Amino acid sequence: MTSEMHFQFVVIGGGIAGVTCAETLSHLNPDEKILLLTASPLIKAVTNFRKVTKTLEEFDVEERSMFDLHAQCPNVIVAHDRVMKLDSAERILHTSTQKQYSYEKLCICAGGSPKIIAEGHPHVIGIRDTETVKVFQEKLSNASRIVLVGNGGIATELAYEINGCEVIWAIKDDAITHTFIDKGASQFFAPIMSKEKHGERKGLVKRVKYRLDDDVKTETAVKATKGRKGGSVTGSALGPDWAEGIPMHGVIEESHRVHVEKCVEVKRVLSLNEIESNSLSTCCPPLWDDSNRDWPVYIELTNGHIYGCDFVVSATGVNPNVDIFTSGNKFDVDAADGGIIVNEHMQTSVSHVYAAGDVCHAGWQTSPYWLQMRLWCQARQMGAFASHCMTADVHGHLEEISQDFCFEMFAHVTRFFDFKVVLLGKFNAQGMEKDHELLVRVTEGQEYVKVVLQDGRMHGALLIGETDLEETFENLILNQMDLTPFKDNLLDPNIDIEDYFD
Ligand code: FAD
């Protein structure tokens with residue numbers, strides 16, 4: 001017989017969204033007890049938060065023990081326990097340790113699990129959390145060739161960061177890093193990607209403090225690679241600078257060797273036995289030596305090319321962790337991305353239940369310059385905003401809460417191939433009518449600046465390199481000034497644009 005414990009607020013998930021939500025709830029409700037339930041033993045904490053511009057933000061992420069959060073916010077109780085069932089009619093959660101918790105308001109911040117091709121295959125891994133990075137590192141240290149599948153941020157970082165190992169990079173688009181940049185920008189990066197890397201890397205705001213210490217057992221790590229269908233407990237997702245400080249070295253001497261296969265998907269994962277018994281012929285990129293090499297695993301691509309490698313990294317995005325919550329409850333779930341739909345107050349379709357971060361789908365009428373991307377900064381923003389809404393809800397004035405300014409305009413700063421990359425508004429003209437215009441300025445090896453205009457007004461911008469344009473362009477997107485008279489000069493490098501619009 002299990003006893004039931006009651007909390008005013010319960011948050012599920014020890015990632016950025018869940019921890020931010022619990023911390024903010026703690027500040028807003030110092031007299032209430034808040035429960036944070038997390039399937040991972042380590043939680044993610046945001047530190048050194050700073051605003052770079054009105055909408056661009058930077059912060060560090062620290063991976064901490066659950067006890068640190070309780071020490072910092074004494075009214076937050078953190079339990080390392082996996083939620084197995086939600087009974088939303090009774091407002092009760094059932095956990096893997098046979099406990100039951102009831103709530104007034106619940107926020108689901110359960111994140112996502114990597115989509116893995118050939119799930120469960122011993123030579124295919126996904127990267128999601130600190131534990132899976134450890135598995136990846138160990139495998140890489142004995143590898144001379146990998147196949148990397150996917151075209152988002154993780155794949156891009158890996159393609160650049162991996163040293164001493166050949167990388168066959170299979171992408172379904174006709175240009176690299178498609179999730180973040182356009183074809184022009186990927187052409188800008190192409191020569192940089194294949195260049196030898198020498199000396200110290202410069203200027204990067206690398207801010208991560210992940211621990212791969214002893215309390216993370218390799219056993220957990222191996223289980224975590226099984227992903228969603230394998231029913232494993234995944235840890236929190238990594239953040240922007242996850243690759244920094246993590247040695248990624250294979251066994252060959254050359255620093256960098258990447259071959260990109262464009263417009264392809266993986267058709268089959270094959271064993272050496274299948275290659276030999278069916279007399280299948282394998283490929284090798286020009287000038288790479290494949291003679292007399294047998295590989296532990298082979299990948300057949302949809303263009304017919306078959307490559308052998310030591311292992312495959314599947315970096316093809318995440319599936320929101322919704323199954324436990326949707327089973328037996330009437331959550332509206334987005335058909336395309338599988339996230340739990342939330343409204344402008346982060347409320348799901350189930351009463352008293354909120355959701356934030358990677359697990360949710362922004363179902364409100366968004367601003368014309370904002371879009372959802374499953375990113376670190378949005379997990380923090382959603383977690384914080386959800387806590388304000390939950391607090392207002394218990395006090396009966398939710399309707400008075402207006403949306404946070406951060407949802408006004410999309411803004412993200414990151415680094416690809418050692419270049420600063422700033423994404424503002426509809427930086428790739430996402431969802432815009434065909435009548436938009438693009439203005440582009442490129443200085444080879446130095447900067448790439450693209451502006452998206454519609455009816456003479458700026459809707460988005462992509463800035464690569466030290467352009468110093470982010471603040472001015474952010475203002476131009478937010479104030480929607482008619483730029484028709486200035487269009488021809490907007491990207492003129494001889495004009496101080498900041499001065500111009502001051
Ligand atoms: P998560 O961090 O996934 O946390 C989910 C939490 O829920 C975990 O603690 C998990 O244990 C817990 N949980 C799940 N199910 C249950 C359950 N049933 N019961 C209890 N607890 C449960 N973002 C960027 O902005 N820039 C980048 O460059 C970038 N690079 C990335 C690189 C990698 C390799 C990865 C994997 C992600 C990257 N991201 C990046 C994405 C970013 O890390 C995520 O968007 C963000 O961390 C999501 O936070 P979250 O709190 O929503 O979910």
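Glu104 has a relative accessible area of 28% and is therefore partly exposed; buried stands for under 20% relative accessible area, exposed for over 50% and partly exposed for the range in between, with a 1.4 Å probe and protein chains only. This is a predicted model, in which local features need pLDDT of at least 70 and side-chain atom pairs count only at pLDDT 80 or more, while totals for chains, interfaces and linings use all residues. Residues are numbered from 1 along each chain as its sequence is written, and side-chain values use heavy atoms, with hydrogens and water left out. Helices (H or I, at least four residues) and strands (E, at least two) are DSSP runs, numbered from the N terminus.

**Salt bridges**

- The structure holds 19 salt bridges, each being a side-chain nitrogen of Lys or Arg within 4 Å of a carboxyl oxygen of Asp or Glu.
- Side chains of opposite charge can pair when their charged atoms come close.
- Arg91 counts as partly exposed, at 23% relative accessibility.
- Arg50 and Glu58 form a salt bridge whose closest N and O atoms are 3.7 Å apart.
- Glu58 is buried at 13% relative accessibility, whereas Arg50 is partly exposed with a relative accessible area of 31%.
- A network of salt bridges links Arg50, Glu58 and Asp60.
- Lys183 and Asp174 form a salt bridge in which the closest N and O atoms are 3.1 Å apart.
- Lys183 is partly exposed, its relative accessible area being 42%, and Asp174 counts as partly exposed at 36% relative accessibility.

**Aromatic pairs**

- The whole structure contains 16 aromatic pairs; rings of Phe, Tyr and Trp (its six-membered ring) pair if their centres lie within 6.5 Å, and planes under 30 degrees apart count as stacked, over 60 as edge-to-face and the rest as tilted.
- The ring centres of Phe49 and Phe59 are 6.1 Å apart and the ring planes are at 25 degrees, so the pair is stacked.
- Because Phe49 lies in strand E3 and Phe59 in strand E4 (residues 57-65), the pair ties together parts that are 10 residues apart in sequence.
- Phe49 is partly exposed at 37% relative accessibility, whereas Phe59 is buried with a relative accessible area of 2%.
- Tyr160, Phe188, Phe189, Phe417, Phe419 and Tyr448 are linked into a cluster by ring pairs.

**The loop residue Ser40**

- Ser40 belongs to the loop between strand E2 (34-38) and strand E3 (42-51).
- With a relative accessible area of 6%, Ser40 is buried.
- The side chains of Ser40 and Thr38 are joined by a polar contact of 3.1 Å; such a contact is a pair of N or O atoms within 3.5 Å, where within protein one must be able to donate a hydrogen and the other to accept it, and residues adjacent in sequence count only if both atoms are side-chain atoms.
- The Ser40 side chain also reaches the backbone oxygen of Leu42, at 3.2 Å.

**Helix H1**

- Helix H1 (residues 16-28) has 13 residues and spans 18 Å from its first C-alpha to its last, close to the 18 Å expected at 1.5 Å a residue; the expected span is 1.5 Å times one less than the number of residues.
- H1 is largely enclosed by the rest of the structure, because 11 of its 13 residues are buried.
- Among the buried residues of H1 are Ile16, Val19, Cys21, Glu23 and Leu25.

- Strand E12 (residues 166-170) is mostly covered, with 5 of its 5 residues buried.
- In a regular strand the side chains alternate between the two faces of the sheet.
- On one side of E12 Glu166, Ile168 and Ala170 are buried, and on the other Val167 and Trp169 are buried, so that both faces are covered.- E12 pairs with strand E11 (residues 145-149) in the parallel sense over 5 bridges; two strands pair if DSSP finds at least two bridges between them.
- Val149 has Ala170 as its bridge partner in E12.
- Strand E14 (residues 257-261) runs parallel to E12 and is joined to E12 by 5 bridges.
- Glu261 in E14 stands opposite Ala170.
- A right-handed β-α-β unit is made by E11, helix H4 (residues 153-161) and E12; a crossover is right-handed if, with the strands pointing away from the viewer, the path from the first strand over the helix to the second runs clockwise.
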